Every structure is written in C-alpha cells, then in structure tokens.
Amino acid sequence: MNTTARTGAPAGNLADRFHATFGAAPDGIWAAPGRVNLIGEHTDYNEGFVLPFAIDKRATTALRLRADHTVRLLSTFGDQGLVEADAAALVPGTVKGWAKYPLGVVWALQRHGVEVSGFDLLLDSDVPLGAGLSSSHAIECAVITALNELTRARLSAEDMVRLTQRAENVFVGAPTGIMDQSASLRGAAGQAVFLDCRDQAVQLVPFDAREAGLVLLVIDTKVSHSHADGGYASRRASCELGAEVLGVPALRDVAVADLEEAAGLLDPETFRRVRHVVTENDRVLQTVEALRAQGPAHIGRFLDASHASMRDDFEISCPELDLAVDTARAHGAIGARMTGGGFGGSAVALTPVDDEQQVRAAVVRAFTEAGFTRPDIFTVTPAPGAERIS
Ligand code: ADP
Ligand code: MG
C-alpha cells in the first residue's frame, strides 16, 4: 500500500530555495493537499452530505515570520515574480492573482482576532490548477496551518474551515462551501472524509482502492469552469426556491420518499434540481454504508447514478465529461462520474488495476476522435491532511 506517496517538492529543496530567495531559513514547512470528491455534488450548500478525500498532490509552503507588516510571496509556478503586500492594510476584493489566497487567510485570521505580522512565503504546489481539485484551498489550508502554529492561535479544525471559507467567500469573492478545506484539513491516509455540511461533523471512512484491486483515475478534461458562472448561481437559486416552496430549512431535510409529493408542488425544472440534491444525499449515505460493509468494489453503481443525475436532472455536465465517463465505463471502469462544480473540470473513474491502461488509452482516443483537447489522466489516493512536514 502506498497511500502516503508524495509527488510534491522535497522539503529540503524548498528550504534551500527559500533561503536563496529570502536570505534566511524558513521557520518551517507546511503542506496541505488538494481534494477530489468521490460523491456528493452540489449537496454542500444544501446542508447535506459529501464524501471527498485529501489527495496525494499538495501545496507546500515554506514560511518565515517577519518583525514588520510586510508580506512577500513567491510561487515556483508561473512567472509572476515576487508579490509584496502590507498585512496591516488588506482590503477584500482588491488583490489580483494567487496572492489573494494567502492574503485572504491573513485577513480572515485578523478579523477573527488573531494578530498576524508580516512573513515571507515560498509556495510549491503540484495540485493542478482549475481542474476541480481545489488548488486554491490547498494553498489556503497550508497557510492557515502554518500561521495557526506560528501565531499560537490554537484554532480548531472547525475554526480553520470557517476562516478559510470566509477568506474565499469575502476576500477572494468565490461563493464556495466547506467541503474542500474540510477534506484538506481533516483528511487522512487511506480514508475518505464523510462530512455533514450542516454541522461540520466528520467521520473517516476507509477507502483503500488499491487493496481492492482498483485505482481511482482522474480525467481532467481541460475544459475551464468558473464558479462565477451564471450556471452555478442559478442552481443555487433553484435549490433555495425548492426548499422555500417545500417549507424546509434546506433540501437536506427532504427525503427521497417526499419526492413524489414535491413533484406536484414545484415547476418541472426546479423539481429536477431538487431531485438531484435529494437523491445525491441518499447516494452519499449508501456509498458510505457500502464502503464500510463491503469495500470500494461495491460503490460503482452509486457513482454512475450520480453522473446520470448531474447530467439529466442538475444539467451541469458537458460533452467532454460525458465522453470521459461513458468511455471509461465501456472499457472497464466499474463506476464513473463527473466531479466538482460542473461545466468542465474532471471526471473520476473507479477502475480495476488490470484495466487502467486500456481505459486511459480509450479515453485519449475518444477525445482525439471527437476533436477535444487531450485530457490529463492520473491516479489519486487518499493522503494525509494538512501538516507540518519540516
Ligand atoms: P481550483 O481551486 O479548482 O484549482 P481556482 O480557480 O479556485 O481553481 O484556483 C486556481 C487558482 O489558484 C489559480 O488561478 C492561482 O491563482 C492559484 N494557484 C493554484 N496553484 C498555484 C500555484 N502553484 N502557484 C500560484 N498560484 C496557484
Ligand atoms: Mg478553488
């Protein structure tokens, strides 16, 4: 079993690069993973259930506190160069580029009453950007884990989840929930994170695909998504309308057995949106039960049903995602679905080890034939959550 394998930069190299850039050794090095969502899509903001896991791709940050208020940030990715900011003068919505993620965390900590001085930070991440694996939360979770320790703020995991959410919602301006940072902060090797988005209760559920002779393939379609997109806002609005008409605080409170009655109360489109959320919550619960009782080889049908529901009821898939899912299924995957907010991003395909190469080749071939951009395909395993690594 190799669930803790790491692909990020070795800590020693990052410390050397930090020294070369900032002229001193870092106070420490902290890492936080990206995440993939196994099942439970668009259930988070309906106070429902999700089942993501922390992946073996992560953001690693070397950080050293400064005596003044200056923040200096450098990423090994891209050519944006050194970014400088004043930690004492942060204003939501004004920061462009990747600096908004670490600075958003500083701002949220300050608003929470934690005094944060300036610091130097070097970031190295192998979480692919914009693929639906939450590269932004990986950065935020690494930074908040580092600052929580260095400022001796003693924040709980729940606090850090809320603060990174505030950083994204208010400082960055992205209307995201609590799933991504919960997985990144609270994940564990070999485990999926069963999260109740109503009260943040977390239960770790064994998900050791390798042991069951399976791999979880991520197929990054390279189709770009945007949370700011009207599609996301309109889905949220439909869910709110559905809950209001059905007289419940959130769609979490609607059971599958209530759907028949709901059909008579809602317009057809709102009903389809509601049906996705209600059945998806149920699928998360069934997946958790199947993982506990039988193991990963028994969750395929829930992944397939989840995809169909997102394609037909929630209408957030796209031709690239459908092709990835259908092709993976046709060539051996035991279950596959789009993952993430939709309208692009990645699909996951739970695949027998023996069929992995066949599925990879078939998906690439199908994309070429359809004239789509060549997808990136890689495996992910459940890895430890945010931690100090040096
Ligand atoms: P996702 O979180 O799904 O990957 P987002 O759009 O929320 O997509 O976040 C992607 C953004 O995160 C990038 O545009 C960039 O600003 C930032 N980012 C991610 N990884 C890095 C990195 N290694 N270096 C600099 N910025 C990064
Ligand atoms: Mg993000």
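## A walk through the predicted model

Leaving out residues up to four places away in sequence, V202 touches R186, V193, F194 and L195; contact here means heavy atoms within 4.5 Å. Residues are numbered from 1 along each chain as its sequence is written, chains are lettered from A and ligands numbered from 1 in the order in which they are written, and side-chain values use heavy atoms, with hydrogens and water left out.

Back to V202, which you will find in strand 7 (residues 201–206). Strands (E, at least two residues) and helices (H or I, at least four) are DSSP runs, numbered from the N terminus. With a relative accessible area of 22%, V202 is partly exposed; buried means under 20%, exposed over 50%, and partly exposed in between, using a 1.4 Å probe and protein chains only. Look along the chain to R72, 130 residues away from V202, and you will see 35 Å between the two C-alpha atoms.

The C-alpha atoms of I219 and A349 are 130 residues apart along the chain and separated by 7.8 Å. I219 sits in strand 8 (residues 214–220), and it counts as buried because its relative accessibility is 1%. Beyond residues up to four places away in sequence, I219 touches a list of partners that includes A324, A328, A349, V363 and I377.

Now zoom out to the whole chain. The protein is divided into domain 1 (11–205 + 383–388) and domain 2 (208–379), with bounds that come from an automatic or database domain assignment. Their C-alpha centres lie 26 Å apart. Where the two parts meet, 32 residues of domain 1 are in contact with 43 residues of domain 2.

What is the relative accessible area of E280? The value is 0%, so E280 is buried. The E280 side chain makes a polar contact with the side chain of R283 at 2.8 Å, and another with the side chain of S306 at 2.9 Å. A polar contact is a pair of N or O atoms within 3.5 Å; within protein, one must be able to donate a hydrogen and the other to accept it, and residues adjacent in sequence count only if both atoms are side-chain atoms. Setting aside neighbours within four places in sequence, E280 is in contact with I39, G40, E41, T43, S306 and R337.

Helix 6 (residues 230–246) is the place of S238. At 9% relative accessibility, S238 counts as buried. Apart from neighbours within four places in sequence, S238 is in contact with E269, T270 and R273.

Let us turn to the ligand. Of the 14 residues around ligand 1, those that come nearest are S75, W98, G130, S135 and S136, where a residue is near if one of its heavy atoms lies within 4 Å. Which elements supply at least two residues each to this shell? They are strand 5 (119–125) and helix 3 (135–150), and the largest share, 3 residues, comes from helix 3. The shell divides into 7 nonpolar residues, 7 polar and no charged.

A nitrogen atom of ligand 1 is 2.7 Å from an N or O atom in the S75 side chain. One oxygen distance is 2.8 Å, to a backbone N or O atom of G130, and another is 3.1 Å, to an N or O atom in the side chain of S136. On its own ligand 1 has 560 Å² of accessible area, and the protein covers 81% of this; such areas come from the Shrake-Rupley method with a 1.4 Å probe.

Finally, check two backbone angles. Most residues other than glycine have a negative phi. S134, in the loop between strand 5 and helix 3, has a positive phi near 65°. R152, in the loop between helix 3 and helix 4 (157–172), has a positive phi near 55°. Are these residues buried or exposed? S134 counts as buried because its relative accessibility is 10%, whereas R152, at 69%, counts as exposed.

Definitions and conventions:
This is a predicted model: local features need pLDDT of at least 70, side-chain atom pairs count only at pLDDT 80 or more; totals for chains, interfaces and linings use all residues. Ala, Val, Leu, Ile, Met, Phe, Trp, Tyr, Cys and Pro count as nonpolar, Asp, Glu, Lys and Arg as charged, and the others, Gly among them, as polar.
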